[in-house]
Amino acid sequence: MVRGLEDLHIHSHYSDGVSSIDEIIQRAASLKLKTIAITDHFWPSGGSRKGGKNTIEQRRHEIEIGRIDFPDLTILEGAEVDIHSNGDLAPVAGGLEQFDLVIGSFHRGTDSTRWVSALVKAVRKKEFQILGHWDGYLSSYREEDGWMAAEALAEAGIAVELNGRYLIENTGFLELAKSFGCVFSLGSDSHDIGTVGKLNFLTKLASGLELQIIQFEKLRQFF
Ligand SMILES: [Zn+2]
Ligand SMILES: [Zn+2]
C-alpha cells in the first residue's frame, strides 16, 4: 500500500521519461498518493530535452490542469539538476527559484573524495532540497567522507533520498546520516507510469533502519 505516501522523484516525457504529465497524475491519483513531484531534467542537465523556458512553461501548464482535475493530490513542479564537480548546479532557464522542489544529483561517476568536496560546496549554496540517489554514481566510498557529507546535509536541512531506481550499496551512510540528524525522502525515480509510486521496498528500508521520512511541507525551502 502506498496510499498517502509522497513520491518526490518522477520523470515525464519532458525529459528522459516516456509518460505524459496527464498519465503520471492519473496513475498517482489511482494509487491514492498524497503528493508527487514531477522532477524532469532541463537543458543543459544530462537526460534533458533541448529547449528552454518554453518546455518548462508547457509542462507547468499541464501540471496546473492536473491540479484542477485532481484536487486531492498535491502535484509539485520540480526539477532534477546536475551537481557539477566544482559544486555548482547546472543552470536552468528561468532559474531554480521557479520550482516547488529541486533535487540535486550527481550523474557522472565520481570517487569518494571528489564526491564529498563537490557535495559540501553545493550544499552550502542552498539551492536544492533533496540529494538524489546519493551513491548512484559513487565509484568508492570512505566513511570519513560520509561524515562530512552527512554533517553538511543535516546542517542545511537537505533530505537524503531513498531512490527506487538505483541500488543503495552503502547503507552505512544512511545510518551515519541518521545519526547526524539528516532527514530522508522517498523517490521512485520513475521514467514510466508503471513505476510511479513504487515505494514499498523503500519504506521497508526506512523502517528497518528507523529513518525519518520527511513530508514535503516540512522540507526546508530555500527560495
Ligand atoms: Zn538522477
Ligand atoms: Zn531522476
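Tutor: What follows is a series of questions about a predicted model, each answered by setting a value against a definition.

Student: Why is Ser19 called buried?

Tutor: A residue is buried if 20 or more other C-beta atoms lie within 10 Å of its own. Ser19 has 22 C-beta neighbours inside 10 Å, so Ser19 counts as buried. Ser19 lies in the loop between strand E1 (6–10) and H1.

Student: Which residues does Ser19 touch, not counting residues up to four places away in sequence?

Tutor: They are Ser12, His13, Ile24, Asp192 and Ile193. A further pair may be considered here: Ser19 and Ser190 are 171 residues apart in sequence, and their C-alpha atoms are 9.5 Å apart in space.

Student: Why is Gly94 described as partly exposed?

Tutor: A residue is exposed with 12 or fewer such neighbours, buried with 20 or more, and partly exposed in between. Gly94 has 13 C-beta neighbours inside 10 Å and therefore counts as partly exposed. Gly94 belongs to the loop between E3 and strand E4 (101–105). Leaving aside neighbours within four places in sequence, Gly94 is in contact with Lys53 and Ile56.

Student: How do you know that H1 and H2 are roughly parallel?

Tutor: Two packed helices are described by the angle between their axes and the distance between the axes. For H1 and H2 the angle is about 30° and the axes are 9 Å apart. Angles under 35 degrees count as roughly parallel, and H1 and H2 are therefore roughly parallel to each other. The crossing of H1 past H2 is right-handed.

Student: Which residues of H1 and H2 meet?

Tutor: From H1, Ile21, Asp22 and Ile25 meet Arg59, Glu62, Ile63 and Gly66 of H2.

Student: What puts the buried residues of H2 on the same side of the helix?

Tutor: The buried residues of H2 are Ile56, Arg59, Ile63 and Gly66. They cover an arc of only 80° around the axis, and therefore they are on the same side of H2. On the other side of H2, the exposed residues are Lys53, Asn54, Glu57, His61 and Ile68. The buried residues pack against helix H1 (21–30), strand E2 (35–40) and strand E3 (74–82).

Student: What makes the length of H2 close to the expected one?

Tutor: Helix H2 (residues 53–69) has 17 residues, and 24 Å is expected at 1.5 Å a residue. The computed reach from the first C-alpha of H2 to its last is 25 Å, close to that value.

Student: Why are the buried residues of H3 said to line one face of the helix?

Tutor: In H3 the buried residues are Trp115, Val116, Leu119, Ala122 and Val123. Seen down the axis of H3, they fall within an arc of 135°, so they line one face of the helix. Thr113 and Arg124 are exposed on the other side of H3, whereas the buried residues pack against E4 and H4.

Student: What makes H3 roughly parallel to H4?

Tutor: The axes of helix H3 (residues 112–124) and helix H4 (residues 143–156) cross at roughly 15° and come within 9 Å. That angle makes H3 roughly parallel to H4, as angles under 35 degrees count as such. The crossing of H3 and H4 is left-handed.

Student: What is noted about phi in Lys126?

Tutor: Most residues other than glycine have a negative phi, and most peptide bonds are trans. Lys126 is not a glycine, yet its phi is positive, near 50°. Lys126 is found in the loop between H3 and strand E5 (130–131). With 14 C-beta neighbours inside 10 Å, Lys126 counts as partly exposed.

Student: How do you know whether Asp189 is buried or exposed?

Tutor: Asp189 has 24 C-beta neighbours inside 10 Å. The cut-off for a buried residue is 20 or more, so Asp189 counts as buried. Asp189 also has a positive phi, of about 55°, although it is not a glycine. Its place is in the loop between strand E7 (184–187) and helix H6 (200–209).

Student: Which two residues does a cis peptide bond join?

Tutor: The cis bond joins Trp43 and Pro44, with omega about 5°. Pro44 lies in the loop between E2 and H2.

How values were computed:
Residues numbered from 1 in each chain as written. Chains lettered and ligands numbered in written order. Predicted model: local features only at pLDDT ≥ 70, side-chain atom pairs only at ≥ 80, totals over all residues. Helix = DSSP H or I, 4+ residues; strand = E, 2+ residues; numbered from the N terminus. Expected span 1.5 Å × (residues − 1). Arc of directions from axis to C-beta. Contact = placed C-beta atoms within 7 Å. Axes fitted to C-alpha atoms, helices over the stretch in contact; angles between N-to-C directions. Parallel < 35°, antiparallel > 145°, perpendicular 65-115°, else oblique. Left-handed = near helix turned anticlockwise from the far one by under 90°.
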